[in-house]
Amino acid sequence: MSKRIYLSPPWMSGCERALVDEAFASGYIAPCGPMVDRFEREFAGVVGIPQACAVSSGTAALDLLFHELGVTKGDRVFCSDLTFVSSIAPAVHRGAEPVFIDCDEATWTMDPDLLEEALADAARTGRRPKAVVAVDLYGQCCDYGRIGPLCAKYGVPLIIDAAEALGALYGSSNVRESVTANGANQANNGNFRSAGNAGWAAVYSFNGNKIITTSGGGMIASSDDGVVARARKRSQQSREPAAWYEHEELGYNYRMSNIVAAIGAGQLQHLDEIVAKKRQIFAWYRQRLGNVAGIGFMPEAAYGRCTRWLTVALLRPLSGRNGECKNGPETEDGKPTERVMRVIEALERENIESRPVWKPMHLQPVFRKAEVVGGGVSARLFENGLCLPSGAGLGEADVDRICGLVARVLG
């Protein structure tokens with residue numbers, strides 16, 4: 001059996017180990033410490049957001065923000081439909097009712113027109129949501145320039161879930177060419193912004209499969225100093241500044257460890273390199289599969305640069321004797337199509353990991369009674385979408401092998 005190819009394994013440069021050794025030498029092994037401070041400071045500089053607080057996961061980051069907003073039973077929270085469950089789960093744990101907003105087929109991120117429709121309806125009925133969670137999907141920013149003003153117009157805090165998108169950019173139409181020359185870390189120059197640099201606050205994830213990893217961890221970032229300061233306090237059990245343990249409110253054990261922060265600080269130094277490799281891998285896939293009948297790829301929004309965290313193919317159903325593609329879902333049972341599953345199973349037989357696109361929240365059994373605005377686009381993308389191996393350590397020969405298998409299955 002060939003060595004397993006994972007979907008998106010961590011990529012280490014080597015400098016991470018030296019920083020971990022430095023963290024050990026400092027004596028700060030438990031949460032907090034100089035590496036946490038460094039990681040927060042350098043991360044804030046990279047994304048162009050003044051304040052950042054490192055926590056144990058992206059889910060914890062969202063939970064702290066929902067606490068800050070006072071989300072409770074009976075409140076509503078609007079959220080992207082095509083996402084992972086952690087984008088909305090912390091709000092539902094607090095008793096909120098989710099409302100899922102379908103995606104725009106041109107970007108696969110939250111459709112601003114549908115959001116506007118939902119916000120206008122909420123204003124008419126007096127059921128304004130406590131927050132909008134707009135998800136940057138598969139390394140692509142949602143449309144900050146439209147979604148941000150809409151939330152401001154209706155007085156609703158906007159949270160950007162940038163868990164999948166560190167290194168992505170939102171801005172002018174020539175953003176991709178500009179960044180190729182200058183690098184992502186110099187991107188916050190007024191012409192374009194880094195992923196998450198919009199709205200009231202943003203969250204990021206450093207899970208093992210993300211663009212950079214701390215093995216597990218997350219970050220809150222906001223231009224509101226008070227939001228971040230209160231999140232930092234709550235992430236440390238809301239302890240008051242006294243010689244004894246004094247608590248005026250209940251908090252959480254959500255702070256990031258000094259050891260894993262050292263890994264993050266090392267990873268952050270190579271963000272540009274990782275993003276460039278991810279985009280190269282996508283280019284290899286497109287070169288090799290772009291002419292195969294019925295295969296397309298997640299589009300890149302005209303307004304920015306996608307990191308291609310994962311290369312996502314769209315295996316459109318075929319019809320007609322010439323193999324033309326037809327629109328619309330092939331199934332109506334909330335499952336990937338037979339074509340998608342055939343490819344996944346064939347790759348797995350060769351020890352290669354792949355997955356369907358995220359199953360939309362409105363199709364999840366746990367949310368069967370939730371409200372959804374639209375839903376047809378995200379359902380179609382789930383049914384026909386395939387996430388291909390995209391780790392930054394993937395070689396061209398690996399992509400050749402994967403593409404040969406995919407082409408044979410679909411041929």
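Close-up 1. Arg342 is partly exposed, with a relative accessible area of 32%, where buried means under 20% relative accessible area, exposed over 50% and partly exposed in between (1.4 Å probe, protein chains only). Its partner in a salt bridge is Glu338, the closest N and O atoms being 2.6 Å apart; a salt bridge here is a side-chain nitrogen of Lys or Arg within 4 Å of a carboxyl oxygen of Asp or Glu. Helices (H or I, at least four residues) and strands (E, at least two) are DSSP runs, numbered from the N terminus.

This is a predicted model, in which local features need pLDDT of at least 70 and side-chain atom pairs count only at pLDDT 80 or more, while totals for chains, interfaces and linings use all residues. Residues are numbered from 1 along each chain as its sequence is written, and side-chain values use heavy atoms, with hydrogens and water left out.

Close-up 2. Another joins Asp113 and Arg146 at 2.6 Å, N to O, linking helix H5 with helix H6 across 33 residues. Asp113 counts as partly exposed at 45% relative accessibility, and Arg146 is partly exposed at 35%.

Close-up 3. Five of the five residues of strand E4 (residues 131-135) are buried, so the strand is largely enclosed by the rest of the structure. Ala131, Val133 and Val135 point one way from E4, whereas Val132 and Ala134 point the other way. In a regular strand the side chains alternate between the two faces of the sheet. Strand E2 (residues 76-80) pairs with E4 in the parallel sense over three bridges, pairing requiring that DSSP finds at least two bridges between the strands, and Phe78 stands opposite Val132. E4 also pairs in the parallel sense with strand E5 (residues 158-161), over four bridges, and there Val133 stands opposite Ile159.

Close-up 4. For Cys79 the nearest cysteine sulfur, that of Cys142, is 11 Å away, and Cys79 is buried, with a relative accessible area of 0%.

Technical notes. A disulfide is a pair of cysteine sulfur atoms within 2.5 Å.
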